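Hello,

Here is the structure for your files. Please open it beside this message, and read on for what turned up in it.

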Amino acid sequence: MLKLQIANEQDRKEAQNRERRRQCELERRNRIFNARNRKIGVDVPFLERQVQEKRSEREEQQRRELAFAQQMIKDSNLAAVLEARQREERRRIGLEIDKYRQNYQRTEDRREFDLNDPDVLKKQLPPRASDGDPVGMSSAQKFEGEDLNYEERKKLMAAQKNAWLEQQVQERKGAEEERKKAEAAYMMAIKARDLRASELDKLERECRYRLGQANLRYNEALAAEKKQIEQIMKEQEEADNTAEMYNNLTSDMLTENPDVAKSALGQNRAIGFMYKGMNQEELKKFYAGQKEQMEAAKVKREAEQKMEAEWQALSKSIQREVAVQDIEDKRKRREMARQLMEENQLMALQQKEREKYFREVVYNNTPTDDYYSQFNTTTR
């Protein structure tokens, strides 16, 4: 015949205990297997303070970077203005130099231009052109030692030499004057640039000074306004305190007016925080009601004592029945213990067979990674 096990109250409690231990084991595993919490713990205020310090440092760094970027932009704009002025000055000087070269240093005005003139052959006349009628192409054009235009050529060469010397002197004087003018203009431009930069710096310092003065005046006005407001509030508070003290001195609470304690909810109702006590008639009624309550409490206490005696008798009878039931339960537990011992003996034999199997079969094999992965999975 098949034996069915019926779950009783003890089985349910054991199941609940097993479930509770299993939940505790899971929570303990989460705590112990967390290396950080196991070694150093979690200091939430310290972490929050670190986060706040990091945030403050990041904001301070951003503020410094913003101020530095603004200063860099300002310096860059000033440098760009100065660089643009310098480029404009160099361009103007270059234009003046080119103009001077075009006007006073032309290629055809050079002393050796006749040696480098590309059209020199086109400009030459045929030999003996001044000797009367020209000779033919096949005739001799020049004879050794012949110099027909020596005197004229010598005068021209002397005049040309003087002209060249005079021209060089004038060119050098003009070049020196132009150089001096260019240097003077360049120095004036540099002085004007420096003067403009100093003026801009002076204007900037003056603007900062005026801004600081305006902020100072504004702060002084705010301080004066705040002081005036505080004085007005202090005077108002003193007036309110004086009025409050006067109202308290003349109030119904301190004058102990019994009429103010009457409530609008009923004739026998009173306002608690205004009630000043009972008169003689009310005291007599109170004592009479208190005596009636004492008599009622005495009757109630006698009834409770009678009921307590009945409950004691019932409890003794229940205890006798429980003792008989305990004897019967002990007999059943002894029988269950005997059956459990027999089952344990059978399980011991099975355990020995299992150990023999493990010793002769399982433990002879080489452990694998699966064998080692089964450890350190619980907290016990």
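**Salt bridges and overall layout**

Arg92 forms a salt bridge with Glu89, their closest N and O atoms being 2.5 Å apart. The two residues sit three apart in helix H3, so about one helical turn separates them. An α-helix has 3.6 residues a turn, so residues three or four places apart point the same way. Glu89 is buried, with a relative accessible area of 14%, while Arg92 is partly exposed at 29%. Please keep in mind that this is a predicted model.

Lys74 is partly exposed at 33%, and Glu204 is partly exposed at 25%. A network of salt bridges links Glu60, Arg63 and Arg64. The structure holds 19 salt bridges.

As for the layout, the protein has nine helices and zero strands. Helix H3 covers residues 44-104, which is 61 residues, and spans 87 Å from its first C-alpha to its last, close to the expected 90 Å. Which residues of H3 are buried? They are Glu89, Ile93 and Tyr100, and the buried residues of H3 pack against helix H6 (150-249).

Of the protein's 380 residues, 3% count as buried. The accessible surface comes to about 35,500 Å², and 54% of that belongs to carbon and sulfur atoms.

Asp117 lies in the loop between helix H4 (113-116) and helix H5 (120-123). Asp117 is buried, with a relative accessible area of 11%, and a polar atom of its side chain lies 3.2 Å from the backbone nitrogen of Asp119.

The count of aromatic pairs is three. In one of them, the ring centres of Tyr357 and Phe358 are 6.1 Å apart and the planes stand at 50 degrees, so the pair is tilted. Tyr357 is partly exposed at 47%, and Phe358 is partly exposed at 30%.

Regards

Note on methods:
Residues are numbered from 1 along each chain as its sequence is written. This is a predicted model: local features need pLDDT of at least 70, side-chain atom pairs count only at pLDDT 80 or more; totals for chains, interfaces and linings use all residues. Side-chain values use heavy atoms; hydrogens and water are left out. Helices (H or I, at least four residues) and strands (E, at least two) are DSSP runs, numbered from the N terminus. Buried means under 20% relative accessible area, exposed over 50%, partly exposed in between (1.4 Å probe, protein chains only). Accessible areas come from the Shrake-Rupley method with a 1.4 Å probe; for residues, only the protein chains shown count as cover. The expected span of a helix is 1.5 Å times one less than its number of residues. Contact means heavy atoms within 4.5 Å. Rings of Phe, Tyr and Trp (its six-membered ring) pair if their centres lie within 6.5 Å; planes under 30 degrees apart count as stacked, over 60 as edge-to-face and the rest as tilted. A polar contact is a pair of N or O atoms within 3.5 Å; within protein, one must be able to donate a hydrogen and the other to accept it, and residues adjacent in sequence count only if both atoms are side-chain atoms. A salt bridge is a side-chain nitrogen of Lys or Arg within 4 Å of a carboxyl oxygen of Asp or Glu.
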